[in-house]
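Please open the model in your viewer and keep the selection tool at hand.

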Amino acid sequence: MKLATALSSFVFIGAAAAQDAHVHGAGYLSISADGSMLVTEFITDQHTLYGFEGEAATDEQRAVMTNVAAQLEASEALLDMQTSVTCAVASITVEEHTPDEGLGGHDDHEDHHDHDPHGHHDEHDGEEEHGDVMIRSVFTCDGSPSINSVNVTAFEQFPALEDVSVVVLTDRQQAEEMATRAQRTVRF
């Protein structure tokens, strides 16, 4: 499988997840590998990471965003992977998306209230701009990796995070598991 195909698959999965997204407390983690390159994409809503959504309006909110950005620059802020080979972080990028430009290209603002199993949306006054954050990490490995397990360490960093759907696609495996605050490690 070529990396472009794997990444296209995960963009599709991320877009599909984002269409039902904007569920506070939920995250989506995709892990794809091709040859000696491994890519992770973690998607969640701004409220789960920052405690608010939209543009930072106060100095306190700007400080929160700065602190979270610093945490996200370290791959261990999100996950600890056990792989069949040694992998090292080559790059980490953080992208923010509003529903208008969303990960899936469609505005889910009107219908996401019905898809919030955690019931967090009642906290909002209806005036906030909803947004999602995607953290993409690219790793170089000393061989073709298989994923043995993933410990979602993001639960430790982000108390509002409740569950993460973890999807793995490599040359050797395809799997999906759910990590929760109570069961943070998933095995493949």
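This is a predicted model: local features need pLDDT of at least 70, side-chain atom pairs count only at pLDDT 80 or more; totals for chains, interfaces and linings use all residues.

The stops below say what to select and what is found there.

Next, select Ile31, Val150 and Val164, the residues with the most contacts inside the largest nonpolar core, which has 31 residues. At least two residues of this core come from each of several elements, including strand 1 (26–34), helix 3 (59–72) and strand 7 (163–169), while strand 5 gives the most, with four residues.

Stay with Val164 and show its surroundings: beyond its neighbours within four places in sequence, Val164 is in contact with Gly27, Tyr28, Leu29, Phe42, Val152, Phe155, Glu177, Met178 and Ala179.

Now move to Thr44, which belongs to strand 2 (residues 37–45). Is Thr44 buried or exposed? Its relative accessible area is 2%, and because buried means under 20%, Thr44 counts as buried.

Finally, show the side chain of Thr44 together with Ala26, where a polar atom of that side chain lies 2.8 Å from the backbone oxygen of Ala26. Apart from residues up to four places away in sequence, Thr44 touches Ala26, Gly27, Leu49, Asp132, Val133 and Leu161.

How values were computed. Residues are numbered from 1 along each chain as its sequence is written. Side-chain values use heavy atoms; hydrogens and water are left out. Buried means under 20% relative accessible area, exposed over 50%, partly exposed in between (1.4 Å probe, protein chains only). A polar contact is a pair of N or O atoms within 3.5 Å; within protein, one must be able to donate a hydrogen and the other to accept it, and residues adjacent in sequence count only if both atoms are side-chain atoms. Contact means heavy atoms within 4.5 Å. A nonpolar core is a set of buried Ala, Val, Leu, Ile, Met, Phe, Trp, Tyr and Cys residues joined through side-chain atoms within 4.5 Å.
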